[in-house]
Amino acid sequence: MSLPTRPFLIVYIVWHPDFEDGRVMAKALYDHYRRDVFENVAGGTGLSVIYRSEPIGAAAAPMPIDLEEGETAAVVVLYDAHFGADNAYRSWLEETARRADAHGLGSRVFPVAIDGTFTQQGIVEQAIRWDHWDKMEPKARTGRLISVLSYQFARMLRAYLERLRYPAEPDDELQRYLKRVQVFLSHSKWDNDGAKIALKIREALSKSDDLSSFFDVYNIPPGLPFDRVILSQIRASAVIAIHTDSFSSRTWCRREVLEAKRAGVPLVVANCIADGDERGFPYMGNVPVVRMDPVRADRIDDVIGRLLDEVLKDFLWRCKVALVADAAEAGVRFLPRLPELISLVGLDREAADVATLVYPDPPLGTEEQRLFEEVAPTVRLRSMTEWIAEREATR
């Protein structure tokens, strides 16, 4: 029942050695995907990120990429004029793209068009258009690239996950890969900031690379019950909770957060408090929080980027669970984030078997463990590593 020894996702970053900004861009991507935010689901120090730039020995191009090193492989190519003018590097890219295409949707090449060279050379693959973001500040530009890549990586992991679920349906694989991630914007209309910020996020999402958004009553077809549609959408979405002054006091805002927690969907809180919270709501914890000034609303890209990180983490976790769930005994529930008291909802604590909640590493702190022991003494809490180790020890 052990998890695969291969990483679920390896990110390769490729650039021509004469591209002066190549190493700087590669380091920014490395730092993001190797940071703490991914280590609890990817293990170690985050995602595996490998550089490919300098040829080795007498070779004229980088070392070939072994697409079997991970369960999925993402090859990010920083394609500039130097890359395009080097026949050996172009041939390397063509061969890598050919092998990735033959390998299936779990291995993809993502060209990043640094300048107009990529499109001028008539390459078939669609590129990420870095050259179109030239009016953005450098930090914002890098953040946009990371957001686009995170979404594409999530698509790859979804294709991998769907292949595990439907191995006999290869013809539908592309349609499942292209399916959009839906975003639900939970906000209060009782203060001016909530609706204003929601509209700005929706506008930003509509301009982002094929992210779609769901915006409460404006997207509910006539004739359908408001509450059923709202709750159904939340269960199928990634959620941004726009926490303005009146948010916690509104019944529907609280209900939307609770439903997101119960469904285990990706959730990010945009902290937009101006004067003060009318009522602290305890169930907005254990999720990422991005502070944003409600007047300037100047960190919308940061909010969206953090949500995309959560979407990617969610698919990494689902892939892990898919490979071990069949070996789980009765009473085991897998949680996508650290357990909290709401995680006890729906458990049959009257049953003879002890319920077990399995969650991403690291293990819960002692103070929280003790609280669970007092409230639910028959429920065991185990990080994924602890649970697998226990299972292996009893085999």
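Helices in this tour are DSSP runs of H or I with at least four residues, and strands are runs of E with at least two, both numbered from the N terminus. The model is predicted, and in it the secondary structure of the protein chain comes to 13 helices and twelve strands.

**The whole chain**

Turning to contacts between residues at least 6 apart in sequence, 69% of them join residues at least 24 apart.

**A pair within one helix**

Next, show the charged side chains, among which a search of the whole structure finds 19 salt bridges. Select Glu-95 and Arg-98, whose closest N and O atoms are 2.6 Å apart in a salt bridge. Why are these two separated by about one helical turn? Glu-95 and Arg-98 are three residues apart in helix H4 (residues 87–103), and therefore about one helical turn separates them. Glu-95 counts as partly exposed, with a relative accessibility of 35%.

**A pair between two helices**

Now move to Arg-144 and Asp-301, which form a salt bridge with their closest N and O atoms 4.0 Å apart. Arg-144 lies in helix H6 (residues 138–165) and Asp-301 in helix H11 (residues 300–324), so this pair ties together parts that are 157 residues apart in sequence. Arg-144 is partly exposed at 23% relative accessible area, and Asp-301 is partly exposed at 39% relative accessibility.

**A buried pair**

Select Glu-340 and Lys-261, a salt bridge in which the closest N and O atoms are 2.7 Å apart. Because Glu-340 lies in the loop between strand E10 (332–334) and strand E11 (355–359), whereas Lys-261 belongs to helix H10 (residues 251–263), the pair ties together parts that are 79 residues apart in sequence. Are these two side chains in buried or exposed residues? With buried meaning under 20% relative accessible area, Glu-340 counts as buried at 13% relative accessibility, and Lys-261 is buried with a relative accessible area of 8%.

For the last stop, select Glu-329, Arg-380, Arg-382, Glu-390 and Arg-391 together, which salt bridges with shared partners join into one network.

How values were computed:
Residues are numbered from 1 along each chain as its sequence is written. This is a predicted model: local features need pLDDT of at least 70, side-chain atom pairs count only at pLDDT 80 or more; totals for chains, interfaces and linings use all residues. Side-chain values use heavy atoms; hydrogens and water are left out. Contact means heavy atoms within 4.5 Å. Buried means under 20% relative accessible area, exposed over 50%, partly exposed in between (1.4 Å probe, protein chains only).
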